[in-house]
Structures are given as structure tokens and as C-alpha cells.
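Morning, everyone. Let me put the model up, and then I'll walk through its packing.

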Amino acid sequence: MTASADGFHARLDQLPARARLAFMAALIERMSPNYVLYAQMSGAGDAKVLRNVLDLAWEALAVKDAAIDFDKQAEKLAEQEPPETDDSFGARRAIEVVMALAALLDALRSEAPESPRDVSRLSRDGVHAYIEMTDGADDDAERLAARVREHPLMDDEHGFQEAVLEHVEAPLTRDTLKSLRRLGRNEGVSNLGLSAEG
């Protein structure tokens with residue numbers, strides 16, 4: 001791990017609980033078009049269910065003591081996982097979105113201090129896999145690592161996560177949460193540079 005990654009993780013670990021939740025929600029917001037695309041192309045899973053679960057997470061952040069049954073939401077979410085038999089690239093990226101959202105639900109239900117790091121890694125791993133598939137299939141490990149490091153999508157991923165972290169290090173007002181959610185929506189473009197209709 002690089003020194004800058006160490007510093008990033010240290011800042012993430014020092015966030016108050018609500019800020020950690022907001023960090024995860026923004027990253028998942030940006031990852032979610034990957035699930036929508038998978039559902040549209042495969043006919044498996046229901047993107048509306050994921051949208052609803054994520055909306056409820058945002059509501060819990062905005063409304064103190066919002067009465068939301070996150071155990072029930074976790075059950076609904078688990079039903080939307082791509083089938084185990086589907087090992088396609090799209091299914092793997094869709095599973096990352098489900099796993100990230102499950103980590104957020106865990107953190108909403110109880111202290112889960114490792115969850116923000118997990119969501120951060122899931123988002124980065126998806127970008128890494130996409131770069132490897134599109135640009136680096138013929139590279140040896142060393143060349144691939146360099147290509148991933150220098151790729152505009154990975155640069156964008158690091159920049160986005162840094163921007164979200166800076167956002168949640170400030171006091172989380174209702175307006176801050178709204179602008180954070182807009183940042184996460186990223187004009188409908190996912191961490192892989194893909195967008196889905198609907």
C-alpha cells in the first residue's frame with residue numbers, strides 16, 4: 001500500500017459514524033448504474049429494489065431516528081444478487097454493487113468500522129477489472145499494474161473517492177448531504193464510465 005493510500009484510510013477510519021455512512025452511500029450511488037445495466041441486459045435482478053434500499057439509506061442519513069427496518073431491506077437486497085451460475089463481467093460488477101450496499105446496511109444496523117474500506121475497495125476493484133478487460137488482457141502482471149495505475153478511469157476513481165472524503169469531513173448538514181448525493185450520481189455515469197437509462 002502506498003503512503004497516500006495509508007493516509008486516505010487513516011482519514012476514513014477517523015470519520016464519525018454518520019460521515020462513514022455518507023461516504024459509502026455516495027460511492028454506491030456512483031456504482032449503481034453498473035447494476036442497472038446488468039439487470040437491463042440479463043433480465044435478472046430488479047434495479048428498482050436496489051434503488052429503494054439506497055434511497056432509504058439516504059433517508060436514514062437525512063432524518064434522525066427514521067423508522068426503517070434494515071433487516072428487512074437486507075433480505076430484499078440479498079434476493080437481487082445475480083445467480084451464482086452467471087460468471088459474466090456484468091454479473092461480477094452487479095455483485096459488487098450488492099456487496100457494497102450490504103456493507104452499508106450492516107453499518108446502518110450496527111458498528112461496522114471496516115465497511116467504508118470495503119466499499120472503497122469494491123469500487124476500485126471494479127475499475128481495475130474493467131481496465132484489465134478492456135485495455136490490459138495481453139499485459140504481464142507488471143505492465144498491467146502500471147497500465148491500471150496510469151489509466152484515466154483509475155485516476156478518476158481516486159479523484160472521486162478523495163472528493164467524497166473531503167465532502168464528508170465537513171459537517172453533514174441537510175444541504176451537504178444533498179450535494180454529496182448529486183456528486184455520487186455523477187450525472188448517471190458509473191465508476192466504469194458507463195451509464196444506464198432508467
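Start with Trp58. Leaving out residues up to four places away in sequence, Trp58 touches Ala22, Ala25, Ala26, Glu29, Arg51, Leu177, Leu180 and Arg181. Contact here means heavy atoms within 4.5 Å.

A word on the source. This is a predicted model, where local features need pLDDT of at least 70, side-chain atom pairs need 80 or more, and totals for chains, interfaces and linings use all residues. Residues are numbered from 1 along each chain as its sequence is written, and side-chain values use heavy atoms, without hydrogens or water.

Now the cores. A nonpolar core is a set of buried Ala, Val, Leu, Ile, Met, Phe, Trp, Tyr and Cys residues joined through side-chain atoms within 4.5 Å. Buried is under 20% relative accessible area, exposed over 50%, partly exposed in between, with a 1.4 Å probe and protein chains only. The largest core has 48 residues, and Trp58 is among those with the most contacts inside it, along with Phe23, Leu101, Leu104 and Val168. H2 gives the largest share, 13 residues. Helices are DSSP runs of H or I, at least four residues, numbered from the N terminus.

A second, separate core has 10 residues, including Phe89, Val127, Tyr130 and Leu144.

Next, Ala19, in helix H2 (residues 17-42). Ala19 counts as buried because its relative accessibility is 4%. Beyond its neighbours within four places, Ala19 contacts Val168 and Leu172.

Last, Asn191, in the segment after helix H9 (174-185). Its relative accessible area is 1%, so Asn191 is buried.

Conventions: Helix = DSSP H or I, 4+ residues; strand = E, 2+ residues; numbered from the N terminus.
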